[in-house]
Amino acid sequence: MTKIQVVNRGHQPLPAYATPQSAGMDLRANLDAPITLRPMERRLIPTGLYIALPEGYEAQVRPRSGLALKHGLTVLNAPGTIDADYRGEVGVVLINLSETDFVVNDGERIAQLVIARCEQGEFVVVEALDETERGEGGYGHTGVK
C-alpha cells in the first residue's frame with residue numbers, strides 16, 4: 001500500500017477505504033455551516049485535507065454514485081486531478097444538476113478519492129503514424145456496424 005502524507009486541518013476523520021477491495025476513499029465536507037447548492041449551481045467544497053503524493057502518483061477526485069443518482073450531484077471536473085507536487089487544500093468542485101436545492105452538511109461524504117500511478121509522456125514529432133485497423137474512426141466508431 002502506498003503511503004501518503006496528510007495534514008488534517010479540518011475536523012473530519014481521514015478518508016478510509018470502506019471495504020478491503022474499495023478503489024476509492026470517501027472525502028467529507030469540512031464546513032462551519034451548511035452550504036445550499038441551487039439547481040445548476042457549482043461550489044468548491046473544502047475538505048480540510050492537505051496531501052503529499054509520492055512522485056509518479058496522482059489522486060483523482062470522483063463523484064459518489066449515490067449522490068449522482070439520488071440527488072443529481074456530481075463533481076464538475078470529474079475526475080479532478082491532484083498532482084504529486086500540489087500542497088494546497090483538497091477541494092471538491094460540486095455541481096447540482098437536479099431541479100431542487102441540495103444542502104451539503106458538515107461531514108457529508110461528497111466525493112471519492114482514488115490514488116493512481118501515472119506516467120509523464122514525451123511527445124516525439126514524426127512525419128506519419130503507423131497504420132491500425134481502426135485508423136481515423138472517431139468517437140463511437142467501433143460500435144457502428
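Tutor: Strand E2 gives three residues to the lining of the largest cavity, the largest share; strands are DSSP runs of at least two residues, numbered from the N terminus. This is a predicted model, in which local features need pLDDT of at least 70 and side-chain atom pairs count only at pLDDT 80 or more, while totals for chains, interfaces and linings use all residues. Residues are numbered from 1 along each chain as its sequence is written, and side-chain values use heavy atoms, with hydrogens and water left out.

Student: Why is this space called a cavity, and what is a pocket?
Tutor: On a 1 Å grid over the protein atoms alone, a cavity is a set of points where a 1.4 Å probe fits but cannot get out, whereas a pocket is an open set with protein on both sides within 12 Å along at least five of seven lines. Lining residues have an atom within 4 Å of a point.

Student: How many cavities of 30 Å³ or more does a search of the whole structure find?
Tutor: The search finds one. The largest cavity holds about 40 Å³ of space, where a volume is the space filled by probe spheres set on the points.

Student: Which residues line the largest cavity?
Tutor: Among them are Asp26, Leu27, Arg28, Thr47 and Leu49. Both E2 and E4 supply at least two residues of this lining.

Student: What is the make-up of the lining of the largest pocket by class?
Tutor: It has 16 nonpolar, one polar and two charged residues. Ala, Val, Leu, Ile, Met, Phe, Trp, Tyr, Cys and Pro count as nonpolar, Asp, Glu, Lys and Arg as charged, and the others as polar. About 360 Å³ of space lies in this largest pocket, and Thr2, Ile4, Pro15, Met25 and Ile115 lie nearest its centre. E10 gives the most to its lining, with four residues.

Student: How does the lining of the second largest pocket divide?
Tutor: That lining divides into three nonpolar, two polar and five charged residues; Glu55, Glu58 and Asp83 are among those that line the second largest pocket.

Student: What makes a set of residues a nonpolar core?
Tutor: Such a core consists of buried (under 20% relative accessible area) Ala, Val, Leu, Ile, Met, Phe, Trp, Tyr and Cys residues joined through side-chain atoms within 4.5 Å. The largest nonpolar core here has 26 residues, and Leu94 and Val104 have the most contacts inside it.

Key:
Buried < 20%, exposed > 50% of the residue type's maximum accessible area, 1.4 Å probe, protein only.
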